[in-house]
Amino acid sequence: MAKHRNRLVLAVAGACFLTIVIIEKFAPANVVVAYGFVLPILLVATLRHRRLMVATLLACVVATYAGLLQPTKPGRFQAAVINRSVVVGVLCLVSYLGMSWEERKAREAAARAALAQQTENLLRANAQLVDVKDQLNRSERLAAVGQLVASVAHEVGTPLHSIAWHVQALGEEAGATQDMKQRIEIIDEQLNRVVRIIQDLLSSTRQRKPEPVWLPVDRLVGPAAALLEPAYRAKGVSLRVDAAVAVPPVWADTEKIHQALVNLLTNALAATPEGGSVVIRTGTRPASAEEAEAAKQAAPVATTMLVTIAVCDTGCGISEDDLQKVFTPFFTTKAIGQGTGLGLYLSREIVQAHGGVLSIESAVGKGTTVVISLPAHEPSHTAVG
């Protein structure tokens, strides 16, 4: 575009120059015509090219003095020289001022562009600084939680062991029914899980890395549903498992995925009013290229499929603004004392550590669906673990 414009300017300037030269040839005594050389000089000045300006000025000066070669009236030659010298002086002045003006405009434009670039860089740096500050704040808050857990771990451990002993004693009583024994077994498993979670938090600032194996998906869904079923029944919310047929084994650490599912089911229960329902749906879906690459880094074999575990509720839903923040540590819409704001954050961390994806869809008044997608074991591969 710029080259086309420059060529057009040069063509117009050249046409003006030739027109004035022709007029000069037929009217050499009319020195006023020579002032017309100002026009091509000003046009060339807009190109901001010093060598081209010098060449144009020299051509105009030569053309101006060339008019002296035409015959003039006797005694007028000296006056013609003076007049044309004045014209040359004007042309030189116009050339200097024109180039100075255009160069100043070029410097101003360059300065504005540089300022705009610096402003953009500052805005980008400021945004990065805000992100780093937010990450630092989250890290500090997570560190504070770790310190808090460490400080109360011993106090919590003692009653937990006492509860576990009493639970085992209840299971060994002669009058315990089969249903009671099953519930006692669930309580005992969860007590052991709490102890292991506390040990993980005490042993490191990071959670224990998952130790996944290939598992049937019902091994993950069934225990979580059984654990939360009494709480759902007490609130009057139905909990149902809708399992798809022929779902392949999934790459998962039983305890870690159980923790994530319990978090999701707890959130669904809190958001769903009495008379509502929560459904756990299992299935499969193709993995995107990025998801397949992440699964490849975590699972022992490559996969192009993901097993999905969706928790769908008919609760209040989440607003669009809050939906952008749900994975932020300590963000919660629950009342003070009823939630830490770490459930979804930790659940996503767990799923991503398996090479999977945790996604969420929600609309106010229509409910929420949270989907755990984990690497699937395809039939062509040999199971391990």
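Biologist: Does Ala63 count as buried or exposed, and at what relative accessibility?

Modeller: This is a predicted model, and Ala63 sits in helix 3, which covers residues 50-66. Buried means under 20% relative accessible area. Ala63 therefore counts as buried, at a relative accessibility of 14%.

Biologist: Which residues does Ala63 touch, not counting residues up to four places away in sequence?

Modeller: Ala63 and Glu24 are 39 residues apart along the chain, and their C-alpha atoms are separated by 8.7 Å. Glu24 is one of the residues that Ala63 touches. Leaving out residues up to four places away in sequence, the list is Phe17, Val21, Glu24 and Phe37.

Biologist: What share of the contacts in the protein chain with a separation of 6 or more comes from residues 24 or more positions apart?

Modeller: The protein chain has 10 helices and seven strands. Of its 385 residues, 34% count as buried. Among contacts with a separation of 6 or more, the share from residues 24 or more positions apart is 75%.

Biologist: How many residues of strand 7 are buried?

Modeller: Strand 7 runs over residues 367-375 and has nine residues. The strand is mostly covered. The number of buried residues is eight.

Biologist: How many bridges join strand 6 to strand 7?

Modeller: Strand 7 pairs with strand 5, residues 305-313, in the antiparallel sense over eight bridges. Strand 6, residues 357-363, also runs antiparallel to strand 7. The number of bridges between strand 6 and strand 7 is seven.

Biologist: Which residue in the hairpin of strand 6 and strand 7 takes a positive phi?

Modeller: The hairpin has three residues between the strands.

Biologist: Which residue in strand 7 is the bridge partner of Leu306?

Modeller: Strand 5 covers residues 305-313 and pairs with strand 7 in the antiparallel sense. The partner of Leu306 lies in strand 7. It is Pro375.

Biologist: Is Thr308 buried or exposed?

Modeller: Thr308 is found in strand 5. Its contacts beyond four places in sequence include Arg281, Thr282 and Gly283, and also Val371, Ile372 and Ser373. The cut-off for buried is under 20% relative accessible area. With a relative accessibility of 13%, Thr308 therefore counts as buried.

Biologist: What is the relative accessibility of His354?

Modeller: His354 lies in the loop between helix 10 and strand 6. Leaving aside neighbours within four places in sequence, His354 is in contact with residues including Pro210, Trp251, Lys256, Leu374 and Pro375. His354 counts as buried because its relative accessibility is 0%.

Biologist: Which residue has its backbone nitrogen 3.0 Å from a polar atom of the side chain of His354?

Modeller: The contacts of His354 include Trp251, Ala252 and Asp253. One of these places its backbone nitrogen 3.0 Å from a polar atom of the His354 side chain. The residue is Asp253.

Biologist: Why does Ile82 count as partly exposed?

Modeller: Ile82 lies in helix 4, residues 77-172. Partly exposed lies between the cut-offs of under 20% for buried and over 50% for exposed. Ile82 falls in that class because its relative accessibility is 48%.

Biologist: Which residues make the nonpolar surface patch of about 350 Å²?

Modeller: The protein chain exposes about 23000 Å², and carbon and sulfur atoms supply 61% of it. Ile82 is one of the residues in the patch. The patch is made by Val32, Tyr35, Ile82 and Val86.

Notes. Residues are numbered from 1 along each chain as its sequence is written. This is a predicted model: local features need pLDDT of at least 70, side-chain atom pairs count only at pLDDT 80 or more; totals for chains, interfaces and linings use all residues. Side-chain values use heavy atoms; hydrogens and water are left out. Buried means under 20% relative accessible area, exposed over 50%, partly exposed in between (1.4 Å probe, protein chains only). Helices (H or I, at least four residues) and strands (E, at least two) are DSSP runs, numbered from the N terminus. Two strands pair if DSSP finds at least two bridges between them. Contact means heavy atoms within 4.5 Å. A polar contact is a pair of N or O atoms within 3.5 Å; within protein, one must be able to donate a hydrogen and the other to accept it, and residues adjacent in sequence count only if both atoms are side-chain atoms. Accessible areas come from the Shrake-Rupley method with a 1.4 Å probe; for residues, only the protein chains shown count as cover. Patches are made of residues with over 30% relative accessible area and no salt bridge: like charges are joined within 9 Å, nonpolar side chains (Val, Leu, Ile, Met, Phe, Trp, Tyr) within 5 Å. A salt bridge is a side-chain nitrogen of Lys or Arg within 4 Å of a carboxyl oxygen of Asp or Glu.
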